[in-house]
Amino acid sequence: MARKYVWWQSPDRTLRDRRLLLAQMMTLGTADDVRWLVSRVSAADLRGVLSDPPVGVFNRRSWVFWRRRLGLDPEAPLPSRRLPPRPPR
C-alpha cells in the first residue's frame, strides 16, 4: 500500500510517516483498499489523522466522508497551507 499510495518516495520512508500513508489511502483509496484499511487501522488512529492531517492531501469529498464516518463534525474546515507574504520588490 505504501508504494501504491505514496508513489513518489520509497515505501520505507513512507512507513516512517504513517499519517501521510493513511491520509493518502483515505483520500485516494479504492473501495477494496478502504475495506482493507478499516479492517487493520483503528477508528482512533483514523481520527488522529483527521485531527492533524497533512496539508494538501484531503479533498472536500473525502474530508467530509471520513469525518462523518468517524463521528466528527463534517463541516470542519479543510486544513490549509499558509504561504509567507511576498517580499517587496
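Q: Which helices each supply at least two residues of the lining of the largest pocket?
A: Helix 3 (18–28) and helix 6 (60–69) do. Helices are DSSP runs (H or I, at least four residues), numbered from the N terminus. A pocket is an open set of points on a 1 Å grid over the protein atoms alone, where a 1.4 Å probe fits, with protein on both sides within 12 Å along at least five of seven lines. Lining residues have an atom within 4 Å of a point.

Q: What should I know about the source?
A: This is a predicted model, where local features need pLDDT of at least 70, side-chain atom pairs count only at pLDDT 80 or more, and totals for chains, interfaces and linings use all residues. Residues are numbered from 1 along each chain as its sequence is written, and side-chain values use heavy atoms, with hydrogens and water left out.

Q: Back to the pocket. Which helix gives the most to the lining?
A: Helix 6, with 4 residues. The lining includes Met-26, Arg-61, Phe-65 and Trp-66.

Q: What is the lining like by class?
A: It has 4 nonpolar, 4 polar and 1 charged residues. Here Ala, Val, Leu, Ile, Met, Phe, Trp, Tyr, Cys and Pro count as nonpolar, Asp, Glu, Lys and Arg as charged, and the others, Gly among them, as polar.

Q: New topic. How many helices and strands are there?
A: There are 6 helices and 0 strands. A strand would be a DSSP run of E, at least two residues.

Q: How do helix 3 and helix 5 pack?
A: Their axes are 10 Å apart, at an angle of about 95°. Axes are lines fitted to C-alpha atoms, over the stretch in contact, and angles run from 0 to 180 degrees between N-to-C directions. The two helices are therefore roughly perpendicular (65 to 115 degrees).

Q: Which residues make that contact?
A: Arg-18, Arg-19, Leu-22, Ala-23 and Met-26 of helix 3, with Asp-45, Leu-46, Val-49 and Leu-50 of helix 5. Contact means heavy atoms within 4.5 Å. By class, that is 6 nonpolar, no polar and 3 charged residues.

Q: And where does helix 4 meet helix 3?
A: Leu-22, Met-25 and Met-26 in helix 3 meet Asp-33, Val-34, Trp-36 and Leu-37 in helix 4. Those residues divide into 6 nonpolar, no polar and 1 charged.

Technical notes: Parallel < 35°, antiparallel > 145°, perpendicular 65-115°, else oblique.
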